[in-house]
Amino acid sequence: MEEKESLALSTLKYKEGNASTLNENTEYVTDVVIKELPSGFKGYPENTKISYVPMTFEEIEALNSSEMDPERAIAMLLKAIHCTTLPSYDLYYWDVMYVGIQRKLLAFGDTNGTLYKRCPKCGNLVSKSFSYTDLEFKELEVPALPMRMELFGRKVEFGLLTIKDILEIDPNDGELGVYARLIRNIPFEEAFELVKKATGSDIKKLRFADKQLNYGIKPFFVNCENPITVESPNGKKTETCGQRVALEVRSPFEIVFPEDELSQFDEIEVQYG
């Protein structure tokens, strides 16, 4: 199975992930140092330092262009992230999403969004409005990385998905492809074949590894307030559904990139003359 390099990766690799923004003349832009990450910096080389360049007007205008595709937008984000020990595309996916949200907050202040999901009980839509400062990340709970287990008759090391892993995932591989990319000490093609043929306790271990390495944005929980009709001794009656529903940010890329927030002028203070 041949892996194809994504546009985002090929865009970055010409400069090993450390250009700052679209314009190289950014000496007047100060990096913002990241002091905490959802991963807790676990698994990164010792003394890793990560920082980012705030969004520039040039970048915002480019991101709002109708010609901007998702992979180029991701490449721009990664070029704005500086790491002292690794190329930015080798940083963990949820760490990159966290930095992206911090950049957006710094550029636009707190903004609002809405999540939607169908209630599993009544089938109607449930919604939750939130502000970006309400977003909480579930921190990685494993004590250290990599996580090691005996699988397939050999020692296997598991780690977190990087942004590079996410960009290279082939939807045709399904969940098994994701499991294979969690394996860090075996080439992907070989790991994928091993995962596909896993049996017995190996399947249990793969699922355990996936659960242990699962972290990210915490879901919002709301009670469904849609009306439903139920049977009662006195006939049919209408009451509130009441089902507890978890609403998750399923596509973090949508909340990381601006949606023309700079076109909203309500809060701008101006003095003339």
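**Strands, helices and backbone in a predicted model**

Visitor: How many bridges join β11 to β12, and do they run parallel or antiparallel?

Guide: Strand β11, residues 227-232, and strand β12, residues 235-240, run antiparallel and are joined by six bridges. One of the pairings puts Ser232 with Gly235, which is the bridge partner of Ser232 in β12.

Visitor: Ok, what about the open sheet, in what order do its strands come?

Guide: That open sheet has three strands, arranged in the order β1-β2-β3 with antiparallel pairing. The strands at the edges are β1 (32-34) and β3 (81-83), and each has a single partner strand, so one side of each is left without a neighbour in the sheet. On average, and with direction ignored, neighbouring strands of this sheet are turned by 30° against each other.

Visitor: Which residue in β2 does Ile34 stand opposite?

Guide: Ile34 stands opposite Ile50 in β2. Between β1 and strand β2, residues 50-52, there are three bridges, and these two strands run antiparallel.

Visitor: Which helix packs on that sheet?

Guide: Helix α4, residues 93-108, packs on the sheet and touches β1, β2 and β3, while the direction of α4 makes about 35° with that of β2.

Visitor: Switching to helix pairs, at what angle do α6 and α7 pack?

Guide: Helix α6 (residues 174-182) and helix α7 (residues 188-196) pack at an angle of about 125°, and their axes are 8 Å apart. With that angle, α6 is oblique to α7. As for handedness, the crossing in which α6 passes α7 is right-handed.

Visitor: And which residues in α6 and α7 meet?

Guide: From α6 the contact takes in Leu176, Gly177, Tyr179, Ala180 and Arg181, and these meet Phe188, Ala191, Phe192, Val195 and Lys196 in α7.

Visitor: New topic, the backbone. Where is the cis peptide bond?

Guide: The cis peptide bond joins Leu145 and Pro146, with omega about 0°. Pro146 has its place in the loop between β6 (137-138) and β7 (147-151). As background, most peptide bonds are trans, and most residues other than glycine have a negative phi.

Visitor: So what is phi for Phe41?

Guide: Phi of Phe41 is near 65°, which is a positive value in a residue other than glycine. Phe41 is found in the loop between β1 and β2, and Asn47 is also found in the loop between β1 and β2. Asn47, although it is not a glycine, has a positive phi of about 65°.

Visitor: Last one, where does Ile203 lie?

Guide: Ile203 lies in helix α8, residues 200-212, and Ile203 is partly exposed, with a relative accessible area of 33%. Ile203 and Leu151 are 52 residues apart along the chain, and their C-alpha atoms are separated by 9.1 Å.

Notes. Residues are numbered from 1 along each chain as its sequence is written. This is a predicted model: local features need pLDDT of at least 70, side-chain atom pairs count only at pLDDT 80 or more; totals for chains, interfaces and linings use all residues. Side-chain values use heavy atoms; hydrogens and water are left out. Axes are lines fitted to C-alpha atoms, for helices over the stretch in contact, and angles run from 0 to 180 degrees between N-to-C directions. Helices (H or I, at least four residues) and strands (E, at least two) are DSSP runs, numbered from the N terminus. Angles under 35 degrees count as roughly parallel, over 145 as roughly antiparallel, 65 to 115 as roughly perpendicular and the rest as oblique. A crossing is left-handed if the near helix is turned anticlockwise from the far one by less than a right angle, and right-handed if clockwise. Contact means heavy atoms within 4.5 Å. Two strands pair if DSSP finds at least two bridges between them. Buried means under 20% relative accessible area, exposed over 50%, partly exposed in between (1.4 Å probe, protein chains only).
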